[in-house]
Amino acid sequence: MSSINYSEKIPNNVNLAEDRTLKRALEQWQPNFLGWWDDMGPDGSQDFDVYLRTAVSVDPQGWAQFGHVKMPDYRWGIFLNPAEEGRKIHFGDHKGEDAWQDVPGEYRANLRRIIVTQGDTEPASVEQQRHLGLTAPSQYDLRNLFQVNVEEGRHLWAMVYLLHKYFGRDGREEGEALLERRSGQKDNPRILEAFNEETPDWLSFFMFTYFTDRDGKFQLCALAESSFDPLARTTKFMLTEEAHHMFVGESGVSRVINRTCQVMNELKTDDPKKLREAGVIDLPTLQRYLNFHFSVTIDLFGADESSNAATFYSTGLKGRYEEGKRMDDHQLRGQTYRVLNVQNGQLVEKEVPMLNALNEVLRDDYIKDSIAGVERWNKVIEKAGIPFRLKTPHKAFHRNIGALSGAKVSPDGRVVSEAEWKARVDDWLPSGTDRAFVASLMGRVVEPGKFANWIAPPVIGINRQPVDFEYVRFN
């Protein structure tokens with residue numbers, strides 16, 4: 001870590017030293033951020049030395065420097081992907097024009113709203129995960145939690161930089177408000193509902209980082225297409241870190257499955273009661289958790305028909321996932337897309353203008369990507385010789401936003417009566433009993449190389465370290 005220049009308070013590649021006003025504003029914001037971290041960051045962990053990856057620049061040598069550091073001393077910085085010479089806008093009404101280096105006045109309010117909504121999710125997830133360190137299943141997992149937490153903190157910095165740099169007093173006020181809202185608080189909650197849910201246990205955490213951080217990937221990919229160049233460059237760099245969060249989720253669930261399958265084969269049983277008595281999480285419970293986190297996350301994409309989505313696209317603020325790889329006119333005039341509605345107790349498709357269906361387009365891209373990871377989990381079960389498959393539920397299941405909001409639809413896509421929903425909901429979503437059982441497994445294991453009974457060790461450690469490496473030093 002000796003190559004880091006510690007004289008620079010805020011590591012960055014945005015010439016902060018030359019922009020005195022901005023530097024002063026961010027240095028005033030920093031103590032408030034640290035106060036928030038102290039209040040709402042990982043509980044009781046401020047003095048631990050944690051083996052963390054720190055970004056000190058955007059080149060391959062600089063963006064992933066590993067070493068033990070106390071989390072409040074983590075060097076949260078501001079990094080943008082290098083500028084692309086002569087970058088042009090490649091979608092919407094301004095297609096072919098030069099990308100904007102400043103905020104066009106007529107789009108100011110919408111751009112600010114997009115940046116604030118994205119920025120609000122970052123501290124929210126730290127708040128949701130605040131107490132998880134107290135029940136970590138291993139030191140390796142504790143370190144991964146802390147890495148996710150500090151990177152969410154850095155992503156907040158990235159959005160606050162844009163607000164301070166480009167939105168004047170409004171931006172500074174929004175930057176303060178990002179530290180004032182609280183996940184799940186009645187009077188001043190976080191903006192998006194999924195970020196007000198509790199993350200009470202590690203199974204929820206792994207599902208959250210697999211499903212909800214994947215939503216982050218898709219939203220960031222859409223923003224990485226933005227005609228507002230500083231936003232595109234900021235989110236492109238954030239995506240390098242987001243990949244680790246999804247890895248934590250996917251590998252975490254995979255290790256839970258692996259351990260459950262081992263015990264199923266040892267005991268020669270698939271009886272959930274016997275497996276719970278043996279201290280592992282049965283596969284039907286994993287399916288219910290999957291159903292919950294998948295359905296809550298796909299709501300994050302917003303209403304299936306949205307005039308805001310059309311506006312954001314046409315004005316060039318937010319593109320589609322992998323916009324550059326799509327073979328169409330990138331303006332979508334006269335094109336349509338199918339969305340689902342419930343009519344007379346049946347799910348029916350209807351054609352709507354593509355521009356108004358862009359939330360649904362992004363949701364469908366996300367669903368394809370999610371299914372691929374669930375198939376990798378199924379390979380673990382298959383390898384153990386167990387005839388059980390995890391599945392993502394139908395996209396109309398348990399929805400609370402858009403045309404499907406409140407529709408009673410089973411995981412396999414049948415519209416059901418209120419009575420059937422009530423009778424079956426505990427088969428489909430985690431019940432109070434399920435959550436209490438999972439909570440009962442959550443005991444802290446922090447001796448290097450030791451793991452809680454309900455989860456298998458990883459195949460390899462972080463940054464090629466051994467699995468029993470001292471990832472966290474408790475001082």
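Is Thr-392 buried or exposed? In this predicted model, local features require pLDDT of at least 70 and side-chain atom pairs count only at pLDDT 80 or more, whereas totals for chains, interfaces and linings use all residues. Residues are numbered from 1 along each chain as its sequence is written, and side-chain values use heavy atoms, with hydrogens and water left out.

Thr-392 is buried, with a relative accessible area of 18%; buried denotes under 20% relative accessible area, exposed over 50%, and partly exposed in between (1.4 Å probe, protein chains only). Thr-392 lies in the loop between α10 (358-383) and α11 (418-428), helices being DSSP runs of H or I of at least four residues, numbered from the N terminus. Beyond neighbours within four places in sequence, Thr-392 is in contact (heavy atoms within 4.5 Å) with Leu-290, Phe-294, Ile-371 and Val-374.

Helix α8 (residues 283-298) comprises 16 residues and reaches 22 Å from its first C-alpha to its last, close to the 22 Å expected, where the expected span is 1.5 Å times one less than the number of residues. Because 15 of its 16 residues are buried, α8 is largely enclosed by the rest of the structure. Arg-288, found in α8, is buried with a relative accessible area of 12%. Residues up to four places away in sequence being excluded, Arg-288 touches Arg-276, Asp-282, Asp-426, Asp-427, Trp-428, Leu-429, Pro-430 and Asp-434.

A nonpolar core is a set of buried Ala, Val, Leu, Ile, Met, Phe, Trp, Tyr and Cys residues joined through side-chain atoms within 4.5 Å. The largest such core has 107 residues, and Ile-257, Trp-377 and Trp-454 have the most contacts inside it. Helix α3 (residues 139-166) gives the most to this core, with 15 residues. Another core, of 12 residues, lies apart from it and includes Phe-195 and Trp-428. Among the residues touched by Trp-377 are Met-207, Tyr-210, Ile-257 and Leu-290.

In helix α4, the buried residues are Gly-171, Glu-174, Gly-175, Ala-177, Leu-178 and Leu-179. Their cover includes α1 (20-40), α2 (108-128) and α3.

The largest pocket is lined by 46 residues, of which Thr-117, Leu-192, Gln-219, Leu-300 and Phe-301 lie nearest its centre. On a 1 Å grid over the protein atoms alone, a pocket is an open set of points where a 1.4 Å probe fits, with protein on both sides within 12 Å along at least five of seven lines; lining residues have an atom within 4 Å of a point. At least two lining residues each are supplied by α2, α5 (202-223), α8, α9 (307-314) and α10.
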